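User: I have just been handed this one and would like a walk through it. Could you help me get my bearings?

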Amino acid sequence: ALFYLGHAYLETHMYEEAIRTFEQYLPEYGKFALQARWYLGLSYLKAEKPQQAARYLEEVAATSETDPEAREYAAKARELLH
């Protein structure tokens with residue numbers, strides 16, 4: 001539920017709430033960790049905190065998973081970092 005709550009906050013422009021929610025989600029749950037890092041990076045970007053965003057986007061960009069969805073997130077993160 002936290003993952004989807006964070007996503008809802010992001011979609012409704014409640015960036016600080018999204019950040020807090022994803023920050024709470026990541027250490028507690030492993031499922032959707034890559035996606036949570038992606039959305040956390042986006043939340044930080046939208047909150048105009050590029051240094052914090054870069055931390056998570058770099059983690060996503062560095063992923064070497066074979067899953068096509070993971071590769072897509074990694075490609076998008078690399079685009080945002082450049």
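User: Let me start with a detail: which residue forms a salt bridge with R37?

Analyst: E59 does, and the closest N and O atoms of the pair are 2.7 Å apart. A salt bridge here is a side-chain nitrogen of Lys or Arg within 4 Å of a carboxyl oxygen of Asp or Glu. Before going further, please keep in mind that this is a predicted model, in which local features need pLDDT of at least 70 and side-chain atom pairs count only at pLDDT 80 or more, while totals for chains, interfaces and linings use all residues. Residues are numbered from 1 along each chain as its sequence is written, and side-chain values use heavy atoms, with hydrogens and water left out.

User: What other residue does E59 form a salt bridge with?

Analyst: E59 also forms one with R55, where the closest N and O atoms are 3.9 Å apart. Those two residues are 4 apart in helix α4, which means that about one helical turn separates them. Taken together, R37, R55 and E59 are linked in a network of salt bridges.

User: How many salt bridges does the count come to?

Analyst: The count comes to 4. One of them joins the side chains of E16 and K49, at 3.1 Å from N to O. That pair links distant parts of the chain, since E16 sits in helix α2 (residues 15–28) and K49 in the loop between α3 (33–46) and α4 (50–61), 33 residues apart. E16 counts as partly exposed at 33% relative accessibility, and K49 likewise counts as partly exposed at 26%.

User: Let me zoom out. How many helices and strands does the chain have?

Analyst: The protein chain has 5 helices and 0 strands, and along the sequence the pattern reads α-α-α-α-α. Its C-alpha trace spans about 30 × 25 × 20 Å along the principal axes, and buried residues make up 41% of the 82 residues.

User: What about the middle, then: which residues touch the most other members of the largest nonpolar core?

Analyst: Of the 26 residues in that core, F22, W38, Y39 and L40 touch the most other members. A nonpolar core is a set of buried Ala, Val, Leu, Ile, Met, Phe, Trp, Tyr and Cys residues joined through side-chain atoms within 4.5 Å. Each of α1 (2–11), α2, α3, α4 and α5 supplies at least two residues of this core, and α3 gives the most, with 8 residues.

User: And what is F22 in contact with?

Analyst: Leaving aside its neighbours within four places in sequence, F22 is in contact with F3, G6, H7, A36, Y39, L40 and S43, where contact means heavy atoms within 4.5 Å.

User: F3 and G6 are in that list, so which residues are buried in α1?

Analyst: In α1 the buried residues are L2, F3, G6 and L10. They cover an arc of only 105° around the axis, which puts them on the same side of α1; the arc is that of the directions from the helix axis to the C-beta atoms. These buried residues pack against α2 and α3, while Y4 and E11 are exposed on the other side of α1.

User: Last one: which residues of α5 are buried, and what do they pack against?

Analyst: A70, Y73, A74 and A77 are the buried residues of α5. Seen down the axis of α5, they fall within an arc of 100°, so they line one face of the helix. They pack against α3 and α4, whereas P68 and E79 are exposed on the other side of α5.

Note on methods
Buried means under 20% relative accessible area, exposed over 50%, partly exposed in between (1.4 Å probe, protein chains only).
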